[in-house]
Amino acid sequence: MSRGAETADSGERSFAVVSVVIPAHNEEAHIASVVRAVLDQRPERATLEVIVVDDGSTDGTAAAAERAGARVLTLRGESRAGNPAGARNKGVAASAGDPIVFLDADCLVAPGWLAAILTAHRDGATVVGGALDLPPGLPFMARCDYYSGWYLIHSRRPAGTVPHHPPPNLSVRREPFLSTGGFNDQPPLRYTNEEREWQGLLQRQGHRIHFEPKALAYHYNRPGFANLMRRNYRWGYTALESKSQSGSARLAWIYRYPRLLIAASIPLAFVHTAYILGCWLRAGVLEPVLLAPVLLVSRFAYVTGMAVGGVRWLRYRRTGASGPRPEPKWN
């Protein structure tokens, strides 16, 4: 039996307290709805605590979250873009629950979301990743942003074991998570791919990551062409470093050759665009085909970030330097 199965005891008493940790940066307009939607799903005979970590907001995010019923912590840092990895770690340190569920402040959970997560944990999964679906009414560029990012974790994909799952809708059993170093809160990884290190470590220890499409949240991607380019660039910037070192990635073997990927970055943009379109077509979603030119541009932003970040990481590794590295200004 895997350690994940040993950890996931059967029965409701396994989940006497469930913690939901939400990092939030300038989310005053939406955070109350997010908190209330989570609290509406409190399991029977269990305590559900919602911890919102205010990550340097300049608006009324903290007050709105507290009024909605969340416990609010404050993370103060030097990064203008925030430090969601540090915010999650701070929320975990203040939490009491098992499992610990991570949810982004721009995700609104659907009915049955928490029940699906807890069922998957009871069935033996140490880590459970939920689906992110496209909510109605998003503007054009926000839909493009959604299609370029979440093509592997929407609710039309089948449930099963996966090599990685991003943190916007993610749950983990407490003891295994605390045995790791948590989210990487050092630059440049604290904003993107910050979860891969601990996920790779848990998988090497015999735990599994289960994708559960019934654990559904709607992801409200931000609009604007600049946001689309910025987000894809910064995801690419840390891709080679995080995936090659953690092994927590699809086709993990290929990341053992980062120089090859850097050299092939331009053709990879076309290959990746075709792969994204193929994923959506297999799911019966046709709109991404109409958005193909914009998706291709987003992939060029991604591979540009991959090449720039990869070169800087390899240079840093070659010098044998230690300590945190500077990161680009994302905003």
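1. Helix 10 buries Ala 239, Leu 240, Glu 241, Ser 242, Lys 243 and Ser 246; a residue is called buried under 20% relative accessible area, exposed over 50% and partly exposed in between, with a 1.4 Å probe and protein chains only. The helix spans residues 239–246 and is mostly covered, six of its eight residues being buried. Helices (H or I, at least four residues) and strands (E, at least two) are DSSP runs, numbered from the N terminus. The model is a predicted one, in which local features need pLDDT of at least 70 and side-chain atom pairs count only at pLDDT 80 or more, while totals for chains, interfaces and linings use all residues. Residues are numbered from 1 along each chain as its sequence is written, and side-chain values use heavy atoms, with hydrogens and water left out.

2. The cover over the buried residues of helix 10 includes helix 8 (196–204), helix 9 (225–237), helix 11 (258–263) and helix 14 (292–319). Just after helix 10, Gly 247 adopts a positive phi of about 75°.

3. Two packed helices are described by the angle between their axes and the distance between the axes. For helix 10 and helix 14 the angle is about 65° and the axes lie 7 Å apart. Axes here are lines fitted to C-alpha atoms, for helices over the stretch in contact, and angles run from 0 to 180 degrees between N-to-C directions. Helix 10 is therefore roughly perpendicular to helix 14; angles of 65 to 115 degrees count as roughly perpendicular, under 35 as roughly parallel, over 145 as roughly antiparallel, and the rest as oblique.

4. Helix 10 contributes Ala 239, Leu 240, Glu 241, Lys 243, Ser 244 and Gln 245 to this contact, and helix 14 contributes Tyr 302, Met 306, Gly 310 and Trp 313; contact means heavy atoms within 4.5 Å. The residues of the contact of helix 10 with helix 14 comprise five nonpolar, three polar and two charged. In this grouping Ala, Val, Leu, Ile, Met, Phe, Trp, Tyr, Cys and Pro count as nonpolar, Asp, Glu, Lys and Arg as charged, and the others, Gly among them, as polar.

5. Leu 314 lies in helix 14 and is buried, at 7% relative accessible area. Beyond its neighbours within four places in sequence, Leu 314 is in contact with Pro 258, Arg 259 and Ile 262. Ala 307 also belongs to helix 14 and is buried, at 17% relative accessible area. With neighbours within four places in sequence set aside, Ala 307 is in contact with Ile 262 and Ser 265. The C-alpha atoms of Ala 307 and Ile 266 are 9.6 Å apart, although 41 residues separate the two in sequence.

6. Helix 2 (residues 31–39) has Ile 31, Ala 32, Val 34, Val 35, Ala 37 and Val 38 buried. The buried residues of helix 2 pack against elements including strand 1 (17–24), strand 2 (47–55), helix 3 (61–67) and helix 5 (113–122).

7. As to the whole chain, the secondary structure comes to 14 helices and nine strands. The radius of gyration is 19 Å, close to the 20 Å that the globule rule gives for 331 residues, so the chain is as compact as a globular protein of that length. The radius is taken over C-alpha atoms, and the rule is 2.2 Å times the number of residues to the power 0.38. Buried residues make up 58% of the 331 residues.
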